[in-house]
Amino acid sequence: MKLFVTREYFSDAENRIRELTAVLDKMRAEKTAAYTQDTNSWHDNFAYEHLTREEKQTERHLADLITEFHNMQIAPLSANLNPDCVGLYCTVTVSQENQDSGAITQNTFSIVPLGGEDISNKIYAYNMPIVLPLMGLSVGGQANVVMPSGELEVTVLSIKPFNPRGDK
């Protein structure tokens, strides 16, 4: 599955991979030093065993980051290509009904790739729990959204283009 990201998010991911690779190289050098300084056997060397565990965890984490990185696609900074359905770079107004309490509220938010979100201004990444079930829906479309506050039945009321740069 492709992950749509901003150019900055992509660059940050590259940097995290480089940094973690450097940490892993340093860890391996320390592990080699711990093994060669052992006075008894490697079984008794706590530093060696500890570094071996740390190395395995770091390798798994690095492998996950690399897999995620290979699935990233930089999203062009342009308006939603299909303004008739919920997608990247659109502003959506929805009606939300809490299935537990029955309360109905309206919410308007904009949708951007990973790394472009600004929660305080209601600009959400497309993979957030409130947004992901709505992707691809048209006006009038409904989805059940599971949130920590309970399950919501969400209906799309309107869809408008959103330009994160603010230019026309």
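Q: Which residue is the bridge partner of C90 in strand 4?
A: In strand 4, C90 has I111 as its bridge partner. This is a predicted model, where local features need pLDDT of at least 70, side-chain atom pairs count only at pLDDT 80 or more, and totals for chains, interfaces and linings use all residues. Residues are numbered from 1 along each chain as its sequence is written, and side-chain values use heavy atoms, leaving out hydrogens and water.

Q: How many bridges join strand 3 to strand 4?
A: Eight, between residues 90-98 and residues 104-112, and the two strands run antiparallel. Strands here are DSSP runs of E, at least two residues, and helices are runs of H or I, at least four, numbered from the N terminus.

Q: Switching to helices: at what angle do helix 1 and helix 2 cross?
A: Roughly 160°, with the axes of helix 1 (residues 7-36) and helix 2 (residues 46-70) coming within 9 Å. Axes are lines fitted to C-alpha atoms over the stretch in contact, and angles run from 0 to 180 degrees between N-to-C directions. That makes the two helices roughly antiparallel (over 145 degrees).

Q: And how much of the protein is buried?
A: Buried residues, meaning under 20% relative accessible area with a 1.4 Å probe and protein chains only, make up 36% of the 168 residues.

How values were computed: Angles under 35 degrees count as roughly parallel, over 145 as roughly antiparallel, 65 to 115 as roughly perpendicular and the rest as oblique. Two strands pair if DSSP finds at least two bridges between them. Buried means under 20% relative accessible area, exposed over 50%, partly exposed in between (1.4 Å probe, protein chains only).
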